Amino acid sequence: MKKYIKFIFTVALSLSMLTGCDEGFTEVNTNKVDPTSLAPSMVLNKGIINTNYLDGFGTLGMLCYNFGIVQQIITPYGSSLSGGNYDQVNNGNTPLVWQNMYRNVIKQLVSVLDQTKSDPLQINTYQAARIWRAYVFMILTDTYGDVPYFEAGQGYTTETINPKYDPQQDIYKDILKELDEASAALTTSQQPVVTDILYGGDVAKWKRLGYSFMLRAAMRLTKVDPATAEAYVKKAVAGGVFQSNADNSILRHTSLYNNYIANHLQAREKTNFYLAAPFVDYLKANNDPRLPIFAVRYVGAKGGQEQVAARASSDPAVQVGMPVGYNDVSISSTFAANNVVSLWDYTQVNLNTVLKLDAPEFHITHAQTQLLLAEAATRGWVTGSAATYYAAGIRANLEQMASYGSTIPEASIKAYLDAHPFDASKALDLINTQYWVATFLDGNESWANFRRSGYPALKKNPYPGSEVKGDFIRRLLYPDSEIIVNSGKMNEAIARQGPNTLDTRVWWDKK
């Protein structure tokens, strides 16, 4: 009997303890520190930051392809660094833009759009996300051609895991529509979203950003659809594009949150990349005051260990750009003619100015916008003097150097402008060559405008192992991962667009 009573007591006690443990279980096991959701405005910020590549390795896509194709920054090394320098396919670097944008940026932007589209209190965040999404897709489609667009980023929202590839013509049509509608819909009737990483919620500046992106997108179509291009250029001007450098879209950095390209070149790739001869030669020949800001040469360095401050010089007279078309062995044949002692003796990007760790990165600038307006004026699409826009664009970029802590004196700016007047007979060459300089370190835009305009008049990369049959790399290849996860839709795009090669031109890139 005692054993039976003891058993009942033990069971009751156990049940009591179990019941007691259930009380407040949810509250006790809820983390009161970590957030369970993020404000859409903060997710938008993350998407903006990630647009400049998620990590240092992501910058290899730009360093190894974009910069080399437009002959601004080059490396003589192969293996993981091959790409535009050799005009070859590098399957490790061609997918980097795709992977970052789809896996990170597009996913984040689609999430913001989904959360804010029906919330009238978040209208400005919604419209800003539309503007940024349009910009990101310009980069994607300019790089690869036909890409998933209308169904992209919907894996979490509609379980669309095999999105169709859309023709670039349709993508650009919608990009222009999105920029038009979103820019117009931004309103000052609501409190500013002060956490906005670009403009602190300044709606007027976001509007100018949207219309400046619209101008850029419209000018892509100059060869394939000039009527649409002209119509949207006029809309952009009427809406109001950038008015000064204060409007520039900038990703700012600190000693803790570094410029990704700078971090990469100040660390593992410090001795591997050099300013290309066509870029340095152009700046030298024109006595360009930006050259000493862009460039540094470790004079007489015979190895990476000799690239030290005591040898550093930014004197324009001593800068020697690295010739294009050589590897790390054949480059030695160029030393005597260029009066250098080794490949490490060639000019590099200045890591104390434009690529210091806290240097800003620009998405689109007043200088670029003015130069595009100069071309639009040359075509008769906008009122105003092409010469005035041209001079304003050059001046804006020269003044922009102050953002790197390197202010160019007014006397030097005036002297450069006086020495380089606008010549209507050479309008497209002059404008787009200056655009090449004004987009330095924005490889996506430099490469896109080079393909569109044909300027500057660069010579084909003479590397003997080139895999390019034409003149220059026209697009990058779709990632191998697409063959595994979305081959059917990818093959439809290839059948429509052309072979998945470096030679295939995207829709707007016509001869």
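Guide: In what follows, helices are DSSP runs of H or I with at least four residues, numbered from the N terminus. The structure discussed is a predicted model.

Visitor: Which helices each supply at least two residues of the lining of the second largest cavity?

Guide: The second largest cavity holds about 140 Å³ of space. Its lining comprises 14 residues, and Asn 124, Ala 128, Val 193, Asp 196 and Trp 206 are the ones nearest the centre. At least two lining residues come from each of helix 3 (40-51), helix 6 and helix 8 (203-219).

Visitor: How many residues of the lining of the second largest cavity are charged?

Guide: Asp, Glu, Lys and Arg count as charged. The lining of the second largest cavity has 7 nonpolar and 6 polar residues, and its charged residues number 1.

Visitor: What is the volume of the largest cavity?

Guide: The structure contains 5 cavities of 30 Å³ or more. Around the largest cavity are 29 lining residues, with Asn 52, Glu 361, Phe 362, Leu 441 and Asp 442 nearest its centre. The volume of this largest cavity is about 330 Å³.

Visitor: Which element gives the most to the lining of the largest cavity?

Guide: The lining of the largest cavity divides into 16 nonpolar, 11 polar and 2 charged residues. With 3 residues, the element that gives the most to this lining is strand 9.

Visitor: What is the volume of the largest pocket?

Guide: A pocket, unlike a cavity, is an open set of grid points. The largest pocket is lined by 19 residues, and those nearest its centre are Tyr 102, Arg 103, Gly 153, Ile 161 and Pro 163. By class, this lining has 9 nonpolar, 7 polar and 3 charged residues. The volume of the largest pocket is about 500 Å³.

Visitor: Which helix gives the most to the lining of the largest pocket?

Guide: Two helices, helix 5 (96-116) and helix 19, each contribute at least two residues to the lining of the largest pocket. The greatest contribution, 6 residues, comes from helix 5.

Visitor: Which elements give two or more residues to the lining of the second largest pocket?

Guide: The second largest pocket has a volume of about 330 Å³. Of its 14 lining residues, Val 110, Leu 113, Tyr 126, Arg 133 and Gln 154 lie nearest the centre. Two or more residues of this lining are given by each of helix 5, helix 6 (123-144) and helix 7 (168-185).

Visitor: How many residues of the lining of the second largest pocket are charged?

Guide: The lining of the second largest pocket includes 5 nonpolar and 3 polar residues. Its charged residues number 6.

Visitor: Is Leu 176 buried or exposed?

Guide: Leu 176 belongs to helix 7. Its C-alpha atom is separated by 6.9 Å from that of Ala 217, 41 residues apart along the chain. A residue with under 20% relative accessible area is classed as buried. Because its relative accessibility is 0%, Leu 176 counts as buried.

Visitor: Is Ile 484 buried or exposed?

Guide: Ile 484 is placed in helix 19 (residues 480-485). The cut-off for an exposed residue is over 50% relative accessible area. The relative accessibility of Ile 484 is 73%, so the residue counts as exposed.

Visitor: Which residues make the nonpolar surface patch of about 320 Å²?

Guide: Ile 484, at 73% relative accessibility, is one of the residues that make this patch.

Definitions and conventions. Residues numbered from 1 in each chain as written. Predicted model: local features only at pLDDT ≥ 70, side-chain atom pairs only at ≥ 80, totals over all residues. Heavy atoms only, no water. Patch = residues over 30% accessible without salt bridge, like charges linked within 9 Å, V, L, I, M, F, W, Y side chains within 5 Å. Areas by Shrake-Rupley, 256 points an atom, 1.4 Å probe, with all protein chains shown as cover. Salt bridge = Lys/Arg side-chain N within 4 Å of Asp/Glu carboxyl O. Buried < 20%, exposed > 50% of the residue type's maximum accessible area, 1.4 Å probe, protein only. 1 Å grid on protein atoms, 1.4 Å probe; cavity = no way out; pocket = protein on both sides within 12 Å on 5 of 7 lines; lining within 4 Å. Points joined across faces, edges and corners; volume = space filled by probe spheres on them.
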